[in-house]
Amino acid sequence: MEQDEYRRMADNGERHWWYRSTRALLQQLLEPHLARLSPDDLLLDAAGGTGATGGWLADRIPTALLDYERFALDIARTDHPGYRPVRGDLNHLPFADGSVGLVLCVTALYHALVPDPAAVVAEFARVTRPGGVVCLLEPGGRRLWRSHDAVTQAARRFSVGELQVMASRAGLDVLTATGAYSFLVPPAFALHLFERKTDTSDVGRNQSGLGGAFGALAAAERRWLRRHTLPFGLSAVVLARKPIPD
Ligand SMILES: C[S@@+](CC[C@H](N)C(=O)[O-])C[C@H]1O[C@@H](n2cnc3c(N)ncnc32)[C@H](O)[C@@H]1O
């Protein structure tokens, strides 16, 4: 990712409707599990970037922030002092087996610098302690490729089923597998058709989300997701737990 993109990501993180809605969705999913963490548990925001989606976690509980981009780590640490920055590679996590209570990974497995996303999910499973949880949120809709993906160095988008299978094959029990931002699928399909050959990024675009309409739709969708799942969406989400041996 270009350095400009990191700066825009950090500047927009607090204000942009998608980041605000995504933080709210992650808190909704993870809140019940935070209560079950032990005080010794290490939390990991894997490829956490500037902390735009995981900073709320670091603001509550000290959290290791792994990313290879020094510039992003510096911004995250300044904005969220609860982060413990670790410069490293997702493909080879520098953490011992079973040493982490919660792994959060948001929009990173799609990245061109991740040659084998399933191997990274297996790494997440390796470092997670029995009973600990792994939360993945990635670009969804495999056919919705558009210019934003090229600008953000995407190599792939995921179906909900693909994320679910990777978690299961890594030995995790899937607690929730769902689409999110389902209402964005029709506009994303239009962008897929019309913007394939431009170099436009979504970062910084439509901050207010059509004057608050997207934020309101996301809030309604979150209410639905409290009890149900969605088969697809512009994001794919999986929450999984490492089983406790008998
Ligand atoms: C789109 S950003 C997402 C950042 C953050 N999770 C968020 O939601 O705001 C993708 C991040 O993945 C990081 N990244 C990509 N491949 C990586 C790798 N192999 N090892 C470590 N970090 C990686 C990039 O530096 C970038 O910060």
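1. Basis. In this predicted model, local features need pLDDT of at least 70 and side-chain atom pairs count only at pLDDT 80 or more, while totals for chains, interfaces and linings use all residues. Residues are numbered from 1 along each chain as its sequence is written, and side-chain values use heavy atoms, with hydrogens and water left out.

2. Cavity. The structure holds 1 cavity of 30 Å³ or more; a cavity is a set of points, on a 1 Å grid over the protein atoms alone, where a 1.4 Å probe fits but cannot get out. The space in the largest cavity is about 30 Å³, a volume being the space filled by probe spheres set on grid points that are joined across faces, edges and corners. Its lining (residues with an atom within 4 Å of a point) consists of Ser21, Leu25, Ala180, Tyr181, Ala218, Glu221 and Arg222. Helices H2 and H9 (213-225) each give two or more residues to this lining, and H9 has the largest share, with 3. Helices (H or I, at least four residues) and strands (E, at least two) are DSSP runs, numbered from the N terminus.

3. Second largest pocket. A pocket is an open set of points with protein on both sides within 12 Å along at least five of seven lines. The second largest pocket contains about 200 Å³ of space. Of its 14 lining residues, Gln28, Leu29, Thr176, Leu225 and Arg226 lie nearest the centre. Helix H2 (17-34), strand E6 (173-180) and strand E7 (235-241) each supply two or more lining residues, with H2 giving the most, 5 residues.

4. Helix H7. In H7 (residues 160-169), Val160, Leu163, Met166 and Ala167 are buried, that is, under 20% relative accessible area with a 1.4 Å probe and protein chains only. These residues lie on the same side of H7 because they cover an arc of only 135 degrees around the axis, the arc being that of the directions from the helix axis to the C-beta atoms. Their cover includes helix H5 (117-127), strand E5 (128-139), E6 and E7. Just after H7, Gly171 takes a positive phi of about 90 degrees.

5. Ala47 has a positive phi near 55 degrees and is found in the loop between strand E1 (42-46) and helix H3 (55-60). Thr107 has a positive phi of about 45 degrees and lies in the loop between strand E4 (100-106) and H5.

Technical notes:
Buried < 20%, exposed > 50% of the residue type's maximum accessible area, 1.4 Å probe, protein only. Contact = heavy atoms within 4.5 Å.
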